Amino acid sequence: MSIKQEWQRKWREALGEPTDSMPDIREDYALHFDIWNVSDEKLQECFSIFPNGDRLLKRVNEVRKAHPQTTEIDDEKLLGKLDQLNEDIEAVLRDFGDEELIQLNGEKSTAKKRSVYRGSESQRHEILKNSDSPTVHLDDELCEIIEKHCGEEGYEAFFFLSEPLYQLSGCYYTVSHWIAWAMVEAEYDSDPYQAAFDLYKIKAQARWSSDEQFIYIAS
């Protein structure tokens, strides 16, 4: 039995699901959706099996208790969050030492236009559709960064948790990655997802296109 199957069995036991015949983890929807309904004690047990599980659970609970809502905030402060996000990403990539990633991430600096857009949730998709998160290149290597510091167990934990955390975050990868970063947060001076999580809490997102970096915030 692989380590991911051992974790799957542990989680299914916490959920009261049968463990004699378990579905493929990718199709184990009880793990993806229902794990957040167990008691706090059981959830603590479920996360204690992962590298730095206590740190992961702390962030999980922050997301569970978060109720994103719009707030009055001026453009300067929003763009300051964008700057902080970019600075933290760059700092982590420098520390990680992948020159190709550093170069790819540096392409953001060619987008000279900086903007703030305000609109309804229904307008969000239209404005964001041809853009990426500023974390896009970091996202691609996040599992490797975790493996560097937490070994194969951390690597496997990242993929085991990816779908449950994605569902918890409301299908927002940047927030699920903010939770996963807990496994390595003690290894770095900067948290490359913190500013994005701060924006999430006020219904805002940082984005990047070929000629522009911007913040979209629901108003």
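Predicted model: local features only at pLDDT ≥ 70, side-chain atom pairs only at ≥ 80, totals over all residues.
Close-up 1. Take Trp11 as a way in: leaving aside neighbours within four places in sequence, Trp11 touches Leu31, Ile35, Cys46, Phe47, Ile49, Phe50, Phe160, Leu161 and Pro164.

**Close-up 2. Helix 4 against helix 9.** The axes of helix 4 (residues 53–65) and helix 9 (residues 173–180) come within 8 Å, crossing at roughly 145°. On the helix 4 side, the contact uses Leu56, Arg59, Val60, Glu62 and Val63; helix 9 answers with Val175, Trp178, Ile179 and Ala180. Sorted by type, the residues of this contact come out as seven nonpolar, two charged and no polar.

**Close-up 3. Helix 9 under cover.** Seven of the eight residues in helix 9 are buried, so call this helix mostly covered. The buried set is Thr174, Val175, Ser176, His177, Trp178, Ile179 and Ala180. The cover over them includes helix 4, helix 8 and helix 10 (194–200).

Close-up 4. The strands sit in the order 1-3-2, and the pairing is mixed. Strand 1 (113–119) and strand 2 (204–209) are the edges, each pairing on one side only. Neighbouring strands are turned by 20° against each other on average, direction ignored. Strand 2 pairs with strand 3 (residues 212–218) in the antiparallel sense, over six bridges, and Ser209 has Glu212 of strand 3 as its bridge partner. Helix 7 (residues 121–128) lies across strand 1, strand 2 and strand 3, running at about 170° to strand 3.

Close-up 5. The structure holds 16 salt bridges. In one of them, Asp198 meets Lys81 with the closest N and O atoms 2.7 Å apart. Asp198 sits in helix 10 and Lys81 in helix 5 (residues 75–96), so this pair ties together parts 117 residues apart in sequence. Lys81 is partly exposed, at 29% relative accessibility.

Glu212 turns up again here, in a salt bridge with Lys113 (4.0 Å, N to O). That pair links strand 3 to strand 1, parts that are 99 residues apart in sequence. Glu212 is buried at 8% relative accessible area, whereas Lys113 is partly exposed at 47%. Lys129 pairs with Glu126 at 3.1 Å between the closest N and O atoms. Finally, Arg55, Arg59, Glu185 and Asp191 join up in a network of salt bridges.

Note on methods:
Residues numbered from 1 in each chain as written. Heavy atoms only, no water. Axes fitted to C-alpha atoms, helices over the stretch in contact; angles between N-to-C directions. Helix = DSSP H or I, 4+ residues; strand = E, 2+ residues; numbered from the N terminus. Contact = heavy atoms within 4.5 Å. Nonpolar A, V, L, I, M, F, W, Y, C, P; charged D, E, K, R; others polar. Pairing = 2+ DSSP bridges. Buried < 20%, exposed > 50% of the residue type's maximum accessible area, 1.4 Å probe, protein only. Salt bridge = Lys/Arg side-chain N within 4 Å of Asp/Glu carboxyl O.
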